[in-house]
Amino acid sequence: MFCGSSFGGDPAYRQAAEAFGAGLADAGIRLVYGGGRIGLMGALADAVLAAGGEVFGVLPDFLRTTEIGHDRLTRLEITDSMHTRKRRMFELADAFVSFPGGIGTLDETIEIITWRQLGLHTKPILICNIAGSAQGLIGAIEGAIARGFAAPGLRTAYAVTEGVAALLARLTPLQPAPPTGADRL
């Protein structure tokens, strides 16, 4: 799960994080996320825990004070760097979900799409559009395609869902898709 360490400017973001967390727990899906207890990350983790679910956080040591590591998780793993954090989250996840967030969330989402494009994984990637939050990211990807910097097949590397109910409906039965080669450069 990639999401913001702040709440953003629309209460819909926090409401969606809390609804998604409860939905994950209800579906028996373990949350793997960045390990913080603030912002959308904290609201999401708290919602999963409150509903009886399992939460695995991965937090770089230097962010313990900035993102304030969550101390009530099922498990919190401390890493030595952001790179190790990303790699560890990749190893633990069966699928990737992107919610609203800042530059870090965009970085993580683009990187996991890039890894998919390069054939490094076939895990599902779901971008949840909450109150228009995904429009900028999708616009940037579409701009790269329109200008010839990415192949149109890149669109098959991820799916966009409109809201939490659609996200949960797509996530619950999802299995990794085989690579098609169409999303390669």
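How many residues does the largest nonpolar core have, and which of them have the most contacts inside it?

## The largest nonpolar core

The structure described here is a predicted model. Its largest nonpolar core has 27 residues. Those with the most contacts inside this core are Met1, Phe20, Leu31, Tyr33, Val97 and Phe99. Two or more residues of the core come from each of these elements: helix H1 (11-27), strand S1 (31-33), helix H2 (39-50), strand S5 (125-129) and helix H7 (164-171). Helix H1 gives the most, with six residues.

When residues up to four places away in sequence are not counted, Leu31 touches Met1, Leu24, Leu44, Ala45, Val48, Glu54, Val55 and Phe56.

## The cavity

The structure holds one cavity of 30 Å³ or more. About 60 Å³ of space lies in the largest cavity. In general, empty space left between atoms is shown by rolling a probe the size of a water molecule over them.

Which residues line the largest cavity? They are Phe2, Lys86, Met89, Phe90, Phe96, Glu108, Glu111, Ile112 and Trp115. Helix H4 (82-92) and helix H5 are the elements that give two or more residues to this lining, and H5 gives the most, with four residues. By class, the lining divides into six nonpolar residues, no polar residues and three charged residues.

## The cysteines

How many disulfides does the structure have? The count comes to zero. Cys3 is in no disulfide, and the nearest cysteine sulfur, that of Cys128, is 11 Å away.

## A residue in a loop

Thr122 is found in the loop between helix H5 (103-117) and strand S5. This residue has a relative accessible area of 23%. Because buried means under 20% and exposed means over 50%, Thr122 is classed as partly exposed. Thr122 and Gly35 are 87 residues apart in sequence, and their C-alpha atoms are 24 Å apart in space.

Conventions:
Residues are numbered from 1 along each chain as its sequence is written. This is a predicted model: local features need pLDDT of at least 70, side-chain atom pairs count only at pLDDT 80 or more; totals for chains, interfaces and linings use all residues. Side-chain values use heavy atoms; hydrogens and water are left out. A nonpolar core is a set of buried Ala, Val, Leu, Ile, Met, Phe, Trp, Tyr and Cys residues joined through side-chain atoms within 4.5 Å. Buried means under 20% relative accessible area, exposed over 50%, partly exposed in between (1.4 Å probe, protein chains only). Contact means heavy atoms within 4.5 Å. On a 1 Å grid over the protein atoms alone, a cavity is a set of points where a 1.4 Å probe fits but cannot get out, and a pocket is an open set with protein on both sides within 12 Å along at least five of seven lines; lining residues have an atom within 4 Å of a point. Grid points are joined across faces, edges and corners, and a volume is the space filled by probe spheres set on the points. Ala, Val, Leu, Ile, Met, Phe, Trp, Tyr, Cys and Pro count as nonpolar, Asp, Glu, Lys and Arg as charged, and the others, Gly among them, as polar. A disulfide is a pair of cysteine sulfur atoms within 2.5 Å.
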